[in-house]
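Here's a quick tour of one protein model, grouped by topic. Have the viewer open and click along as you read.

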Amino acid sequence: MATAGGREDAEVDEVLEWIPERRGEVLPILAVTSANYKQVFSFWESSLRTLGYPRHKIHVVDLGELPGPHGYCTDSWRFAIDRQLQEVVSWIGNHFDEYFIHTDTDIQFFPHFMHLQCEWLKWMKEEGLDMIFMRERTEVIPDLRCGEVNAGFCLLHCNSRTRCFWQKVLQEEQAFPKMDGYPPYTDQFHLNRGLQHRLGAFPQEGAFGVRWATIPDFQCIWGMPSDEVNSAAFHHAVNTQDKVALLRSVREKVRLQQPLVARGLSGLSGIELQEQIHRLADAVAGLRGSKQQWNPSDVKAIRRLLQEVEALAEAVLPGSVCADCGFKTHWRRLRCQMNRIATAVAKQFFAHYL
């Protein structure tokens, strides 16, 4: 997986907070980022790692350090958007008849993302949809933007219709990169022109016959949450001057509402339990290698992680251990990793505070 080189800046307290239920094969995710976006990108990356998302399904194009100025409607912003469109067109051409997810990297994912994407995929296949998006819930001239979608998240079916559609969006964006006047701008302007929204229609039908729809508002958070915290699959940090602060704030709100590590354990098979514990041990090993020093907030997060591991032990060990299935081996490896990191934290804690 290519990344923006900001792994050392990712917050340790994001790791291993959620362990999702698995309900079928997850989809590939495509994203484009840059070095100047590394703090925001760390939330995107670590949220997928927290969910145990398969690394081979995560595809990140790293543009490196882009020249300033950075931000909304700048040349570097437009360059990154154009590259996103190029990558989408290329992916569609190289993966015909497959499905994938494309997202901006100012998004963070939550436990419901794992099973909702399976529901979205089933819905697309049943209704013959080529693309689904999140709705643009803007506060900027909303009356003039009815039916607009946000370009930051979409699930696509790779076929001739979607290839022609996205090639056209790319061509129009390169010919006229709209960055002034009323919103929407750049790719979102050309994307929505091509989608040709019609009030009340389902499915919607755009250029080249693409069939599309939007996911329900309660399944995603746009900017600041209202009542979607319990049900959202992801959060898009828009409509803010401080994306990092917004991402952190929403993440904490969701953590208080969406289930943590013990979710669904009673219904898992022995093999599924082994897979979850193995994935947890891998992530803990990664945490041990990611930092040699922890600050007080890290210590607090790791202590909480230790409590979650003990909760997992209580939930799955009594009366469910088979000496021949390897379950004890997986659990022993996890406890070993946890003991090592706990020892390291304790040493640093006493050295710092005593």
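This is a predicted model: local features need pLDDT of at least 70, side-chain atom pairs count only at pLDDT 80 or more; totals for chains, interfaces and linings use all residues.

Buried means under 20% relative accessible area, exposed means over 50%, and partly exposed is anything in between. The protein chain has 354 residues, and 52% of them are buried. Its secondary structure comes to 9 helices and 10 strands. Take the contacts between residues at least 6 apart in sequence: 76% of these join residues at least 24 apart.

**The sheet**

- Seven strands make an open sheet with mixed pairing, and the order runs S2-S1-S3-S6-S5-S8-S7.
- At the edges sit strand S2 (58–62) and strand S7 (204–205), each of which pairs on one side only.
- Strand S5 (residues 131–135) runs antiparallel to strand S6 (residues 149–157), with 5 bridges between them. One place to look is Arg 135, whose bridge partner in S6 is Val 149.
- Helix H4 (residues 160–175) packs on the sheet and touches both S5 and S6. The direction of H4 makes about 50° with that of S5.

**Strand S3**

- How many of the residues of strand S3 (residues 99–103) are buried? The count is 5 of the 5, so S3 is largely enclosed by the rest of the structure.
- In a regular strand, side chains alternate between the two faces of the sheet.
- Both faces of S3 are covered: on one side Tyr 99, Ile 101 and Thr 103 are buried, and on the other so are Phe 100 and His 102.
- S3 pairs with strand S1 (residues 29–33) in the parallel sense, over 2 bridges. Here Ile 29 stands opposite Ile 101 in S3.
- S3 and S6 run antiparallel and are joined by 5 bridges. Phe 100 has Leu 156 in S6 as its bridge partner.

**Aromatic pairs**

- Searching the whole structure turns up 11 aromatic pairs.
- Trp 44 and Phe 109 make an edge-to-face pair, at 6.2 Å centre to centre with 70° between the planes. Trp 44 belongs to helix H1 (residues 38–50) and Phe 109 to strand S4 (residues 107–109), so this pair ties together parts that are 65 residues apart in sequence.
- Trp 123 and Phe 202 form a stacked pair: 6.0 Å centre to centre, with 5° between the planes. Trp 123 lies in helix H3 (residues 112–127), while Phe 202 is in the loop between helix H5 (186–195) and S7, so parts that are 79 residues apart in sequence are tied together by this pair.

- Ser 46 is found in helix H1. With a relative accessibility of 0%, Ser 46 counts as buried.
- What does the side chain of Ser 46 have a polar atom 2.7 Å from? The answer is the backbone oxygen of Ser 42.
- An α-helix has 3.6 residues a turn, so residues three or four places apart point the same way.
- Helix H2 (residues 75–94) has 20 residues and, at 1.5 Å a residue, should span 28 Å; the end C-alpha atoms are 29 Å apart, which agrees.
- The buried residues of H2 include Ala 80, Ile 81, Asp 82, Leu 85, Glu 87, Val 88 and Trp 91. Among the elements covering the buried residues of H2 are S1, S2, S3, S6, H4 and H5.
- H3 has 16 residues and reaches 22 Å from its first C-alpha to its last, close to the 22 Å expected at 1.5 Å a residue.
- Buried residues in H3 include His 112, Phe 113, Leu 116, Cys 118, Trp 120 and Met 124.
- Just after H3 comes Gly 128, which takes a positive phi of about 65°.

Definitions and conventions: Residues are numbered from 1 along each chain as its sequence is written. Side-chain values use heavy atoms; hydrogens and water are left out. Two strands pair if DSSP finds at least two bridges between them. Helices (H or I, at least four residues) and strands (E, at least two) are DSSP runs, numbered from the N terminus. Contact means heavy atoms within 4.5 Å. Axes are lines fitted to C-alpha atoms, for helices over the stretch in contact, and angles run from 0 to 180 degrees between N-to-C directions. Buried means under 20% relative accessible area, exposed over 50%, partly exposed in between (1.4 Å probe, protein chains only). Rings of Phe, Tyr and Trp (its six-membered ring) pair if their centres lie within 6.5 Å; planes under 30 degrees apart count as stacked, over 60 as edge-to-face and the rest as tilted. The expected span of a helix is 1.5 Å times one less than its number of residues. A polar contact is a pair of N or O atoms within 3.5 Å; within protein, one must be able to donate a hydrogen and the other to accept it, and residues adjacent in sequence count only if both atoms are side-chain atoms.
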